[in-house]
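Here are my notes on this model, point by point. Please read them with the structure open.

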Amino acid sequence: MKALTYLGPGKKELMEKPKPKIEKETDAIVKITKTTICGTDLHILSGDVPTVKEGRILGHEGVGVIEEVGSGVKNFKKGDRVLISCITSCGKCENCKKGLYAHCEDGGWILGHLIDGTQAEYVRIPHADNSLYPIPEGVDEEALVMLSDIFPTGFEIGVLNGKVQPGQTVAIIGAGPVGMAALLTAQFYSPAEIIMVDLDDNRLEVAKKFGATQVVNSSDGKAIEKIMELTDGKGVDVAMEAVGIPATFDICQEIVKPGGYIANIGVHGKSVEFHIEKLWIRNITLTTGLVNTTSTPMLLKTVQSKKLKPEQLITHRFAFADIMKAYEVFGNAAKEKALKVIISND
Ligand SMILES: [Zn+2]
Ligand SMILES: [Zn+2]
């Protein structure tokens with residue numbers, strides 16, 4: 001089969017790889033129909049994730065059809081259409097029992113990281129019963145690709161960790177796909193104001209269409225002053241960091257109100273300066289996390305009822321044979337006006 005394979009920092013190739021086989025009775029083999037590229041894949045390609053070894057098939061998002069199941073898989077059979085979670089979970093270990101699927105003792109984020117991923121014709125999914133979700137009849141499968149990672153991440157690590165409440169003022173720093181997912185799902189809780197911050201005017205325009213009440217272009221380095229002005233000098237109840245660099249984390253520290261939340265979603269490669277000398281007295285809460293995907297069944301229902309429309313994030317579509325081109329477009333997101341790309345294998 002063909003698969004997008006990591007060949008060390010800066011190197012990838014669409015190449016021939018052996019089709020995966022059932023290794024444990026709890027495995028399923030899924031034929032991928034649609035997949036996508038995540039910012040994390042770009043981090044891997046820049047060499048930021050050294051746990052990814054050369055020869056690894058990338059990708060941790062997608063939908064597909066069950067090709068084969070191990071003898072221990074009870075919930076799925078050949079031909080079932082499924083949503084693949086970016087998090088593999090056994091459902092039985094101590095962390096899974098606490099809903100901490102991200103830290104499953106025999107799973108977590110392993111797809112396209114420690115085991116071969118979804119940017120291929122077929123993928124092996126361990127603990128299939130707990131790591132796959134049946135696709136309800138009539139739901140747009142492209143929309144569901146956004147539920148493998150982006151939407152649970154924005155919702156759980158941004159909105160739920162930040163404890164967004166009705167009438168609050170929320171700022172989201174970073175209008176990439178995950179920041180946009182946080183923007184769309186924060187509206188489940190009816191905050192009064194959502195201020196979106198980014199360097200890219202095109203993304204800020206899109207954010208307005210998605211429900212941002214105010215937008216701030218931070219390229220002049222004055223985001224903090226602008227946000228304080230927009231909030232009458234009070235700051236925000238919830239500041240979500242959806243980039244993963246010191247500058248954006250700093251904005252969050254400066255704009256959070258007393259009693260507020262800083263919800264870090266960004267993947268950080270460098271340390272940040274945490275201003276405990278200012279914040280110790282302000283009763284704030286700082287949260288971090290890797291998505292557990294425990295909200296996936298709930299999000300599926302909201303997509304089915306059209307309350308949530310994740311397909312809004314899709315800007316480009318490619319055939320699987322053109323996945324190298326898809327990487328080029330996604331890697332030049334600002335120039336290409338790209339948010340999420342769909343790669344189809346049908
Ligand atoms: Zn991802
Ligand atoms: Zn587990």
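1. Terms first. A helix here is a DSSP run of H or I with at least four residues, and helices are numbered from the N terminus. By that count Glu94 lies in helix α2, which covers residues 94-97. Keep in mind throughout that this is a predicted model.

2. Overall build. The chain has 13 helices and 15 strands. Its radius of gyration is 20 Å, close to the 20 Å that the globule rule gives for 346 residues, so the chain is as compact as a globular protein of that length. Along the principal axes, the C-alpha atoms fill a box of roughly 60 × 40 × 40 Å.

3. Of the 346 residues in the chain, 50% are buried. Take the contacts with a separation of 6 or more: residues 24 or more positions apart account for 69% of them.

4. Glu94, continued. Glu94 and Pro20 are 74 residues apart in sequence. Their C-alpha atoms are 29 Å apart in space.

5. The pair α5 and α6. Helix α5 spans residues 150-160 and helix α6 spans residues 177-186. Their axes come within 8 Å and cross at roughly 65 degrees. That makes α5 roughly perpendicular to α6. The crossing is right-handed. On the α5 side the contact is made by Ile150, Phe151, Thr153, Gly154, Phe155, Gly158 and Val159. On the α6 side it is made by Pro177, Val178, Ala181, Ala182, Thr185 and Ala186. The residues of this contact divide into 9 nonpolar, 4 polar and no charged.

6. The pair α8 and α9. Helix α8 (residues 223-230) packs with helix α9 (residues 246-255) at an angle of about 30 degrees. The two axes are 10 Å apart. What does that angle make of the pair? The helices α8 and α9 are roughly parallel to each other, because angles under 35 degrees count as such. α8 passes α9 in a right-handed crossing. From α8, the contact uses Ala223, Ile224, Ile227 and Met228. From α9, it uses Ile251, Glu254 and Ile255. The residues of the contact divide into 6 nonpolar, no polar and 1 charged.

7. Which residues of α9 are buried? They are Thr248, Phe249, Ile251, Cys252, Gln253 and Ile255.

8. Tyr261. This residue is found in strand β12. Tyr261 is buried, because 23 other C-beta atoms lie within 10 Å and burial takes 20 or more. Not counting residues up to four places away in sequence, Tyr261 touches Gly162, Lys163, Val238, Ile284, Thr285 and Thr287. Thr287 is 26 residues from Tyr261 in sequence. The C-alpha atoms of Tyr261 and Thr287 are 7.6 Å apart.

9. Ile342. Its place is in strand β15, residues 340-344. With 22 C-beta neighbours inside 10 Å, Ile342 counts as buried. Ile342 touches Lys34, Thr36, Glu142, Val145, Ile314 and Arg317, leaving aside residues up to four places away in sequence. Ile342 and Ile37 are 305 residues apart along the chain, and 8.0 Å separates their C-alpha atoms.

10. Positive phi in residues other than glycine. Ser190 is not a glycine, yet its phi is positive, about 50 degrees. Ser190 is found in the loop between α6 and β9. With 11 other C-beta atoms within 10 Å, Ser190 is exposed. Lys306 has a positive phi too, near 70 degrees. The place of Lys306 is in the loop between α11 (296-304) and β14 (314-319). Lys306 is exposed, with 10 other C-beta atoms within 10 Å.

Note on methods. Residues numbered from 1 in each chain as written. Chains lettered and ligands numbered in written order. Predicted model: local features only at pLDDT ≥ 70, side-chain atom pairs only at ≥ 80, totals over all residues. Helix = DSSP H or I, 4+ residues; strand = E, 2+ residues; numbered from the N terminus. Rg over C-alpha atoms; globule rule 2.2 N^0.38 Å. Buried ≥ 20, exposed ≤ 12 C-beta atoms within 10 Å, placed from the backbone. Contact = placed C-beta atoms within 7 Å. Axes fitted to C-alpha atoms, helices over the stretch in contact; angles between N-to-C directions. Parallel < 35°, antiparallel > 145°, perpendicular 65-115°, else oblique. Left-handed = near helix turned anticlockwise from the far one by under 90°. Nonpolar A, V, L, I, M, F, W, Y, C, P; charged D, E, K, R; others polar.
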